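Have the model open while you read.

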Amino acid sequence: MSERTTTLSPGSEILEVRGLTKRFGGLAAVSGVDFSVREGGIMGLIGPNGAGKTTIFNLITGVYKVSEGSVLFRGEPIQDREPYLIADMGVTRTFQNIRLFKNLTVFENVLTACHLSASYTLAEAALRLPRFRREERALRDKASELLKIVGLEDRAEVTASNLPYGLQRRLEIVRALALDPKLLLLDEPAAGMNPDETEQLMRLIGELRDRFKLSVLVIEHHMDLIMALCERIVVLNFGMKLAEGVPDEIRNDERVVEAYLGAPAGGK
Amino acid sequence: MDYYVQGIFMLAGINLMAVLGLSLLTGFTGLFSFGHAGFMAIGAYASAIATTMLKLPFVAGIALAGVSAALFAWLIGKMTLRLKGDYFCIATLGFGEAIRLVLDNFQALGGSRGWPGVPAHTTMLNIFISVAIGVAFLANLVNSRHGRNLIAIREEELAAQIAGINVARYKNLAFVTSAIYAGVAGAFLAHYMTFIQPKMFALIKSTELTIIVIFGGLGSISGSVLGAVVLTFLPELLRAVDKWRLVAYGAAVILIMISRPRGLMGGMELSPRGVKKILAERRAKRAAAAANAETASAEIGSES
Ligand SMILES: Nc1ncnc2c1ncn2[C@@H]1O[C@H](COP(=O)(O)OP(=O)(O)OP(=O)(O)O)[C@@H](O)[C@H]1O
Ligand SMILES: [Mg+2]
């Protein structure tokens, strides 16, 4: 697996969002949000339905154009870049409503996303020149290895849309990993999972973070997962940042309990 | 071989050439075009200019056909590929008709009365060689990272972008490549018919090409080959029913699409790898069903 060279010392910020604002017509889905993700950290993004969480992911990944404010990845502004360039820099994500390459197999889904690790040209592919063969073999090895890491190797030949729901979410995560990302954005990775699967997923996210030296920003409604996994949490409400802090601070923050957690501290 | 049958084979080969390109665009990239007859027209006229007025050899005519079609496609792609799918489709339709109308009024090239006297350079052999090269190129393309990027766009455009694929560039790649195939097919057609006329490249020709791709099965090269051969021969076989030929043709296409909604090949390939894939998928499906049944019974067991 190719390693991106790290120029920043650990502990510095990999992502910084400043005054981030997105308006749809008259509606401000996100307004003036600031936060940052530490290199190697796991940050949670929570809030009620429609708070603007997914919109923030769409702004960071370039799917939506930012109305105001900036997004800095390793100190570099990326808010005006095309999504594919942002992905190439090392920011990638999963989707709340799963978006797999449905008619392709599990293996092909991951293999497709490995494309940035090869550099052979169209002509080299058409003539099946040595570089094409060599790099293609490397891509296949990489895809197999990734499937093994997340335990999908025995489903490699299954069509993605035939996978059980929980494994589809897992496949989306591996597909994102195929890009060798530095920052992984997970949009409700445990949605629709039972407690058992959620527990497994949580462990997986932690393992992947360590193994691939990732920084993670995760949106979730499963509070157990968020509280156990995240070092810091940002709470959004009506597009604005309501609170930010370590899990204990968030759990005991009156405004958060009132707006979102809706139960005494420690509850769901 | 019978001269008449040989002629139909040549026509099938020419259709196939154009269909291969459209298969890349529609079957693998998921973009619909109703203007590819326009690229055939460009190829036909460009190659005829090369072989008659410029007295160049046929190969040069074919090359010129491909290059001119590519240039037009690149320009049109730049302007229209950012549009959403349906609008792109309408834009290609407009382009195809515009090319035909321009040629209709271009008296130096015969205008709407047509242009006779194009040399008969097309042979079974040169069509066969070109189609073989066309199939090989397409097969190698779709089995490379470039081809997989196109398929990713067809499957889920947003996810493709997030996976670092330059969607605009790859769409244009598919469009230009498909236009080159159509242009080359146009060159062969001109030098087979020895007479070209703008109305040979009307909307109905574009539609016919798209029907063949869908009929053969989207995302299958062997399906496109099969589709082009079957649907070129079918109208000839139906000559017996004379007036009802087109009705019977339409009925036959509808019948087959009802019985095989995903086309003749249904996205599968007739190749060693394709057959292996079909078998592997069957096996995987059975294994998954077994595994699901097992977990289900385990769950029932643990609950009771
Ligand atoms: N493309 C869009 N056009 C118009 N409005 C939008 C668009 N995308 C999001 N919105 C609006 O922005 C607001 C925030 O939506 P968003 O999807 O970011 O919420 P969320 O926090 O992810 O909610 P959930 O927990 O339900 O996923 C909502 O009011 C939504 O209707
Ligand atoms: Mg959301």
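Gln96(A) counts as partly exposed, at 32% relative accessibility; that label covers everything between buried (under 20% relative accessible area) and exposed (over 50%), using a 1.4 Å probe and protein chains only. Keep in mind that this is a predicted model, where local features need pLDDT of at least 70 and side-chain atom pairs count only at pLDDT 80 or more, while totals for chains, interfaces and linings use all residues. Residues are numbered from 1 along each chain as its sequence is written, chains are lettered from A and ligands numbered from 1 in the order written, and side-chain values use heavy atoms, leaving out hydrogens and water.

| Residue | Relative accessibility | Class |
|---|---|---|
| Thr54(A) | 23% | partly exposed |
| Gln96(A) | 32% | partly exposed |
| Ala160(A) | 0% | buried |

Ala160(A) sits in the loop between helices H5 and H6 of chain A. Its contacts (heavy atoms within 4.5 Å) include Leu100(A), Phe101(A), Val106(A) and Leu171(A). Zooming out, chain A has 10 helices and 10 strands, and 56% of its 268 residues are buried.

Now for chain B. The axes of helices H2 (residues 36–53) and H4 (residues 85–104) of chain B come within 8 Å and cross at roughly 35 degrees; axes are lines fitted to C-alpha atoms, for helices over the stretch in contact, and angles run from 0 to 180 degrees between N-to-C directions. On the H2(B) side, Phe39(B) and Tyr45(B) are among the residues that meet H4(B), whose partners include Phe95(B) and Ile99(B).

Phe39(B) turns up again in the largest nonpolar core, of 80 residues, as one of those touching the most other members. Such a core is a set of buried Ala, Val, Leu, Ile, Met, Phe, Trp, Tyr and Cys residues joined through side-chain atoms within 4.5 Å.

How values were computed: Helices (H or I, at least four residues) and strands (E, at least two) are DSSP runs, numbered from the N terminus. Lists of a residue's contacts leave out its neighbours within four places in sequence.
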